[in-house]
Amino acid sequence: MTGEWPLYEVFVRGKRGLNHVHVGSLRAADDDMALHNARDLYTRRNEGVSIWVVKAADIAASSPDEKDPFFAPSGDKVYRHPTFYDIPENVPHM
Amino acid sequence: MTVTEPAPSEAELERHFEHTIAKDQRIEPRDWVPEAYRKTMIRQIAQHAHSEIIGMQPEGNWITRAPSLRRKAILLAKVQDEAGHGLYLYSAAETLGGDRDDMTEKLISGRQKYSSIFNYPTLSFADVGVIGWLVDGAAICNQVPLCRSSYGPYARAMIRICKEESFHQRQGYELLMTMMSGTEQQREMVQDAVNRYWWPSLMMFGPPDDDSPNTAQSMAWKIKRHTNDELRQRFVDMTVPQAEALGVTLPDPDLAWNAERGHYDFGAIDWDELKQVISGGGPCNTERMERRRKAHEDGAWVREAAAAHARKQQQRKEVAA
Ligand SMILES: [Fe+2]
Ligand SMILES: [Fe+2]
């Protein structure tokens, strides 16, 4: 049964200089098999130079809701953005 | 700072869901969704996955008999892509709580369907070309709008799939062009394959709109973006000039440009045939299901051995630690 095979999430670095990006998931018996399956499933056309696989059960995640109070701390801090500050137009290079 | 809010009511959750869809935003895993949306989406994705998996069989039939190493390598790559499509989709269904073993079980017990087109036989190598051109072509028509499906993981799988389908369609058309520039017998093989696959390809878009009761709800949820008849028309309009360029005749005497509509008119589809094939009475239904069941059963020891190996490795690691 594949039910015995844990679910893995797959992250691929498209090329040097880019972050790993989540591309999907797969089932595999162990880490080695997960890496091999991820290569065959998600990088058949040179889509990546590096793959991370991690058991889905090992990921800690915030609630997906956009109204989640979890993100409230950054909601009212407009002064963290450069556009918050008025600088006269005659000041160069800023 | 801790914000304590009472848990949102079902009505509020529902409003939030509707709002997300209305804003054309994507629903993501673990979002609250109405039970009917979850069920419909799991079934839609699973049946799509089943189609990709069963879809390996008609063409797989020709891998060992491909006429050249070039064609064999191409066909192998194409069939491997279809396996990949199935796997992207099964994992997308899992994000909604679909169970992989349960989905496989539903396929091999016949409780979930797959696309009717794969119940037709592949009688000559020209069928490989015609499947790439017409069947993958129809699949592209169906799938491009699904790249904007409201369910995020499904939409993303579709984007990946559509990129690969383009190779499928082009290799098929190129194969046919090669055959059409060959002998008279090769041209006849192509025409014969077109004659057999044209109508079943039109049926791939499903029953006509007035006999498609779930369309309205699916459109409202944005898990379907166009009606069956709209997509079918789009496919016909795209395909007619391709057939002309290829030099084959589409087997429909009623096929004609309608300047007023700005579309091609086409003849009546035999809906009884579609019903019969969907309900198990197509030429290859039994064979396809049997093959899938056997592959699943024959693979059981491999799955068990891999799981046993993983357990042993884990134990060894724990002892060493
Ligand atoms: Fe496919
Ligand atoms: Fe395909």
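Let's start at the metal. Glu82(B) bridges the iron ion (ligand 1) and the iron ion (ligand 2), which lie 3.3 Å apart. Before going on, a word on what we are looking at. This is a predicted model, where local features need pLDDT of at least 70 and side-chain atom pairs count only at pLDDT 80 or more, while totals for chains, interfaces and linings use all residues. Residues are numbered from 1 along each chain as its sequence is written, chains are lettered from A and ligands numbered from 1 in the order in which they are written, and side-chain values use heavy atoms, without hydrogens and water.

Now ligand 1. Which residues coordinate the iron ion (ligand 1)? They are Glu52(B) (OE), Glu82(B) (OE), His85(B) (ND1) and Glu165(B) (OE), at 2.1 to 2.3 Å. Donors here are N, O and S atoms within 2.8 Å of the metal (3.2 Å for Na, K and Ca); water is not among the atoms, so sites may look incomplete. Along the chain, the donors of ligand 1 follow the spacing E-x29-E-x2-H-x79-E. Helices (H or I, at least four residues) and strands (E, at least two) are DSSP runs, numbered from the N terminus.

Buried or exposed? Glu52(B) counts as buried, at 6% relative accessibility. His85(B) is buried too, at 0%. The cut-offs: buried is under 20% relative accessible area, exposed is over 50%, partly exposed is in between (1.4 Å probe, protein chains only).

On to ligand 2. Its protein donors are Glu82(B) (OE), Asp136(B) (OD), Glu165(B) (OE) and His168(B) (ND1), lying 2.0 to 2.2 Å from the iron ion (ligand 2). Why is the arrangement irregular? Because the four donor atoms subtend angles of 82 to 169°. For the terms: four donors are tetrahedral if all angles lie between 85 and 135 degrees; four are square planar and six octahedral if opposite donors are over 155 degrees apart and all others between 65 and 115; anything else is irregular. The sequence spacing for ligand 2 is E-x53-D-x28-E-x2-H. Glu82(B) in helix 4 and Glu165(B) in helix 7 (residues 152-180) of chain B are 83 residues apart, again linking distant parts of the chain. Both Glu82(B) and Glu165(B) are buried.

Next, charges. There are 26 salt bridges over all chains. A salt bridge is a side-chain nitrogen of Lys or Arg within 4 Å of a carboxyl oxygen of Asp or Glu. One of them joins Arg45(A) and Glu164(B), with the closest N and O atoms 3.2 Å apart. That pair crosses between chains, from the loop between helix 1 (31-42) and strand 3 (50-55) of chain A to helix 7 of chain B. Arg45(A) is partly exposed at 34%. Glu164(B) is buried at 3%.

Within chain B, Arg225(B) and Asp24(B) meet in a salt bridge (3.1 Å, N to O). Arg225(B) lies in the loop between helix 9 (215-220) and helix 10 (228-246), and Asp24(B) in the loop between helix 1 (10-22) and helix 2, so the pair ties together parts that are 201 residues apart in sequence. Arg225(B) is buried at 17%. Asp24(B) is partly exposed at 41%. Finally, the network: shared partners join Arg44(A), Arg45(A), Asp81(B) and Glu164(B) through salt bridges.
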